[in-house]
Structure formats: C-alpha cells, structure tokens
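Biologist: Can you walk me through this one? Start with the terms, then the details.

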Amino acid sequence: MKILIVEDEEALAKGLKFNFEQEGFEVEMSGDGASALALFDSADPPFDLLILDLMLPGMSGYETCRELRKRDPFVAVLVLSARTLSEDRTMAFDCGADQYMSKPFALPELISRVKSLLERRRALRPAESDAGNAQTPPTVTFGDHVRVDFDRFEVTVGDETTELTRMEMQLLRYFIEHADRVLSRSRIMNDVWADSGAMSNRSIDNFVMRLRRLIEPNPSEPRHILSVRGTGYRFVANPDQAETDNGRADNAATT
Ligand code: CA
C-alpha cells in the first residue's frame, strides 16, 4: 500500500514517513499541493491514500483535495490539520476528504484510522476483474427520473446532471443498496461513515436534505428518502409501486 504525505512541516512529514514505513507502507512526501498533484499523476503504482495538511504554501489543502477528487474519486484522503473548527471539518468533507484528524494527534490512532480507511476503500472501489459480479452496477435508475452514476459520482435528473461529493455518494449508494429497509441514524453512521470521526446525527440529516434536494421532485414531501420518526430513514426506489404495500412496510418499520 502506498501513501502520499502532503505536509509542509518537514520534521512532522519525516516522522510520519518513518512510522508508516515501519508499518510496511511505501511512503512519499510532498510539501505543497501542486507538487503533490504532480506526484500523484505520475505515480506508478498509484497511491492508495493521502495524508493531507490543510494549511499549505500556495494551493490550500482544500483545493488540493478538490483537484485530487477530479482525478480519482476513490483514493482515500485523510486530512490531518491543526484547524479544529467544525466548519473546517465540514469544508474538508465537502472537498472530498474521507476522514479528518486534528493536530496534535496520537500516532497509534492515526495509523489505525489509515488502516481501516484503506480496508473500507478496498471494499468500495469496484474491482475491474469482477465488475460483472459487483453488488451494485455502475449506474442505477430509479423512480421515473433519477439516474445515478456511481463511477462518475453523478446524479442525473431529467437532463440536469449534478456531481456529488464522495460522502453524498456513499450515503446515496447505501440507501440504494438497502432499499425499503428502515435505517437508523446510528446504523447509517456506523455502516457508511464509521471512520470519518466527525459525523453526528445532525450531519446525517444535512446530507439527507441535500440528497432530497437533488432526487426528490418535491423535497418537502419526499417520496424516495422517507423519514422514519424517531429512528432514521427508509429509501424507496419506486414509490408508486411501494404505496400498495405500505402496510407491510410500516409493520416492518416497528420490528
Ligand atoms: Ca501546514
């Protein structure tokens, strides 16, 4: 597994490099966003994960992350920053970060988060060799108007296409793969974002609101992502069809 450390504090970067090499990783370092992207582009084999500082000379970590996501929606990105405000976390996630850790940090925790992130990513990245056996095909259509392209991180409604952030796409994918089931907020948090560290029930609701604005004909009367009072959500792919067995679904919701 190959890691790129993007960090302008050279002593810290070298310390991280040493420790991750001890763990068996191949590690390269870069002190700013532009050179990190250049390294990323020329890497062979490609990097599996980036540890990304936010306050960098020149291009910021946010911008670097956004640029990176255009190149590769799947590579894992862990932001490691002295910024501790929740706005910073939110913005990092919006730029496509998978995980956020504040400095100062405990090295064993960083290492364990990196490992679990890589494991998770391995499960998420569609394997080219068995694309035919993948649980979810690269594109899914539901309702009578929504098309989701998992590879391109795009949702198309009618003739309008919107690019989703990684976390929005992870949540939407989870809903689609668990259609018709009641999903509690804690289960969603655990299954979708267990290792992102900064998520709260409130942020799940915010993500749901954003998805609803994208896929619901009328977001204030959702037909696809339904609220289940006191619990969480239930995704319905084809509401017209589902309405006829509403009774059954509601029963299932209470068990
Ligand atoms: Ca810095």
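Modeller: Buried means under 20% relative accessible area, exposed means over 50%, and partly exposed is in between, with a 1.4 Å probe and protein chains only. This is a predicted model, where local features need pLDDT of at least 70 and side-chain atom pairs count only at pLDDT 80 or more, while totals for chains, interfaces and linings use all residues. Residues are numbered from 1 along each chain as its sequence is written, and side-chain values use heavy atoms, with hydrogens and water left out.

Biologist: Fine. Is D98 buried or exposed?

Modeller: D98 is buried, because its relative accessibility is 5%. It lies in the loop between helix 4 (86-94) and strand 5 (99-102). Helices (H or I, at least four residues) and strands (E, at least two) are DSSP runs, numbered from the N terminus.

Biologist: What does the side chain of D98 make a polar contact with?

Modeller: The side chain of R166, at 2.9 Å. The D98 side chain also reaches the backbone nitrogen of V77, at 2.7 Å. A polar contact is a pair of N or O atoms within 3.5 Å; within protein, one must be able to donate a hydrogen and the other to accept it, and residues adjacent in sequence count only if both atoms are side-chain atoms.

Biologist: On to the metal. Which protein donors does the calcium ion have?

Modeller: D8 (OD), D53 (OD) and M55 (O), lying 2.1 to 2.3 Å from the ion. Along the chain their spacing reads D-x44-D-x1-M. Donors are N, O and S atoms within 2.8 Å of the metal (3.2 Å for Na, K and Ca); water is not among the atoms, so sites may look incomplete.

Biologist: And is D53 buried or exposed?

Modeller: D53 counts as buried, at 4% relative accessibility. M55 is partly exposed, because its relative accessible area is 41%.

Biologist: What about L54? Where does it lie?

Modeller: In the loop between strand 3 (49-52) and helix 3 (61-71). L54 is buried, with a relative accessible area of 3%. Not counting residues up to four places away in sequence, it touches S60, G61, Y62, V79, L80, S81, R83 and Y100. Contact here means heavy atoms within 4.5 Å.

Biologist: Now the core. Which residues touch the most other members of the largest nonpolar core?

Modeller: V148, F175 and I188, out of 51 residues in that core. Helix 6 (residues 166-177) gives the most to this core, with seven residues. The core draws at least three residues from each of domain 1 (2-128) and domain 2 (139-254). Those bounds come from an automatic or database domain assignment. A nonpolar core is a set of buried Ala, Val, Leu, Ile, Met, Phe, Trp, Tyr and Cys residues joined through side-chain atoms within 4.5 Å.

Biologist: Which residues is F175 in contact with?

Modeller: Leaving aside neighbours within four places in sequence, F175 is in contact with L183, I188, V208, L211, I225, Y233 and F235. There is also a second, separate core of 19 residues, which includes I5, A13, L80 and L110.

Biologist: Backbone next. Which residues does a cis peptide bond join?

Modeller: K103 and P104, with omega about -5°. P104 sits in the loop between strand 5 and helix 5 (107-124). The bond from D44 to P45 is cis too, with omega near 0°.

Biologist: What is the phi of F153?

Modeller: It is positive, about 60°, although F153 is not a glycine. F153 lies in the loop between strand 7 (146-149) and strand 8 (154-157). At 8% relative accessibility, F153 counts as buried.
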